[in-house]
Amino acid sequence: MAEKENNLMEKIVSLCKRRGFVFQGSEIYGGLAGTWDYGPLGVSLKNNIKNIWWKMFVDSRDDMFGLDAAILMSPKVWEASGHTETFSDPLVECTKCHHRFRSDQLDDQTKCPDCGGKLGESRQFNLMFQTQIGATEGSISYLRPETAGGIFVNFKNVVDSFHPKLPFGIGQIGKAFRNEIAPRDFIFRVRELEQMEVEYFVRPESWEGAFEEWRKGVHEFNKAVGIPAEHVHELEVGDGDRAHYSKRTIDFEFDFPFGRKELYGLAYRGDFDLSAHEKGSNQNLKYAAEGEEQFLPHVIEPSFGVDRTFLAVLTSAYTEDELGGEGRVYLKFHPRVAPVKAAVFPLLKNKPELVAKAREVYTNLKKEIPQIVWDDNGNIGKRYRRQDEIGTPWCITIDFDTLGENKELEGTVTVRDRDTGAQERMAIADLAGFIKKAL
């Protein structure tokens, strides 16, 4: 089973490189561990995921506010939140080959898994990247290890600017940085990542209802991006494993090719964060509606990783089957997340009249649906296979019947379905409506 899963992961990584989804960071210089570059198709898929999240959890709600906080923040932020002291993992180093590992991920914590040498004593390794601000020596800052900090320090700004009524939330999508001891599993555990996070502020007595609302919201988002419900599992984090300030935490785990691992998290954080920043900043962060006493709201935090969502979507979509007596690989993306919605072909690229008409169809369609591509590279069969691997739901071919060779079919094109390979004739005028309805 493990060999089969590793093989699947190798196939997915290979497809990502071959088709321009994900490349190794700094590849021409030998690569940099824990960093990955998203290629043209990867950027499109990633943006589609983020846009769905933003629309679902920010734009479509009346109780949400968007934010884009700075990556560099005052070091006092991370002192107040506890990151400076506690944001760490246990590290061990081999006394022979000097390779380093997370001790909590080793089956045998006495022997090096690489060379068999003896492992040294475990110590805590802080995961924050440290940097220097300006030209003055000693002006230390950090690349933020999470996006939530920027939300909490802007809580007062949002309240003062918009005077929202509880409950309300602040949502943000942005980069975070963690100096992982052992980045691994492709884009699952990396040193530069992207998060989609909400801090939802509630009255202390109403946290349970809000928690349940967001729990359901996580599953709704999975459905929207095409992650099958049967591969997502809720893990209630027990008392001994939860943060001391949390009364409830759920880890949403996904069946990745390398095992069941955390995909998202949902935590009830109480008033820990606002309390810590109120103390650290000496600012009043309490909330009060008209006619009531001030108090610190409590927080529900649904946290989504963009990169892990990307990998879960990709894994869920990866399909091997047989079509026309030949084996093929295709990505069964939901059209909403597919990086390319449709590809437009001329049947033959050496026939100017076909090319001209195909260009006209392509240009007009792209005005209404931006993620449309032109493809005339190779014969029609090769184009189909290429678009299948990209995950393009529909291939649109302009042929001689389109031009009127068959008068009954003039002005129509063939539309091929990615999943079944079935083709149907459709009027050019109906193409945009057909695709938009499917999306």
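Predicted model: local features only at pLDDT ≥ 70, side-chain atom pairs only at ≥ 80, totals over all residues.
Which residues form one aromatic cluster? W53, W54, F57, Y200, W214, F221, Y264 and F304 do.

Residues are numbered from 1 along each chain as its sequence is written, and side-chain values use heavy atoms, with hydrogens and water left out.

Charges come next. The structure holds 35 salt bridges, where a salt bridge is a side-chain nitrogen of Lys or Arg within 4 Å of a carboxyl oxygen of Asp or Glu. One of them joins E194 to K46, with the closest N and O atoms 3.1 Å apart. E194 belongs to strand 11 (residues 192–202) and K46 to helix 2 (residues 40–59), so this pair ties together parts that are 148 residues apart in sequence. Helices (H or I, at least four residues) and strands (E, at least two) are DSSP runs, numbered from the N terminus.

Are E194 and K46 buried or exposed? E194 has 9% relative accessibility and counts as buried; K46, at 9%, counts as buried too. Buried means under 20% relative accessible area, exposed means over 50%, and partly exposed is in between, with a 1.4 Å probe and protein chains only. For a charge to sit over a ring, NZ of Lys or CZ of Arg must be within 6 Å of the ring centre and within 35 degrees of the ring normal.

Another salt bridge is between E180 and R189, at 3.5 Å from N to O. E180 and R189 are both buried.

Then there is D399 with R425, at 2.7 Å from N to O. D399 is in the loop between strand 20 (394–398) and strand 21 (412–417), and R425 is in strand 22 (residues 423–427), so the pair links distant parts of the chain, 26 residues apart. D399 is buried, at 12% relative accessible area, whereas R425 is partly exposed, at 28%.

Salt bridges can also form networks, and one here links D321, E326, R328, R385, D388 and R416. In that network, R328 has its charged end over the ring of Y330, 3.9 Å from the centre of that ring.

Back to the rings. The structure holds 30 aromatic pairs. Rings of Phe, Tyr and Trp (its six-membered ring) pair if their centres lie within 6.5 Å; planes under 30 degrees apart count as stacked, over 60 as edge-to-face, and the rest as tilted. W207 and F211 are an edge-to-face pair, 6.0 Å centre to centre with 85° between the planes. These two are four residues apart in helix 7 (residues 207–225), and so are separated by about one helical turn. W207 is buried at 12% relative accessible area, and F211 is buried at 1% relative accessibility.

F256 and F258 are a stacked pair instead, 5.2 Å centre to centre with 5° between the planes. F256 is buried, with 3% relative accessible area, and F258 counts as buried at 18% relative accessibility.

Last, I133 is in the loop between strand 8 (129–132) and strand 9 (140–143). At 38% relative accessibility, I133 counts as partly exposed.
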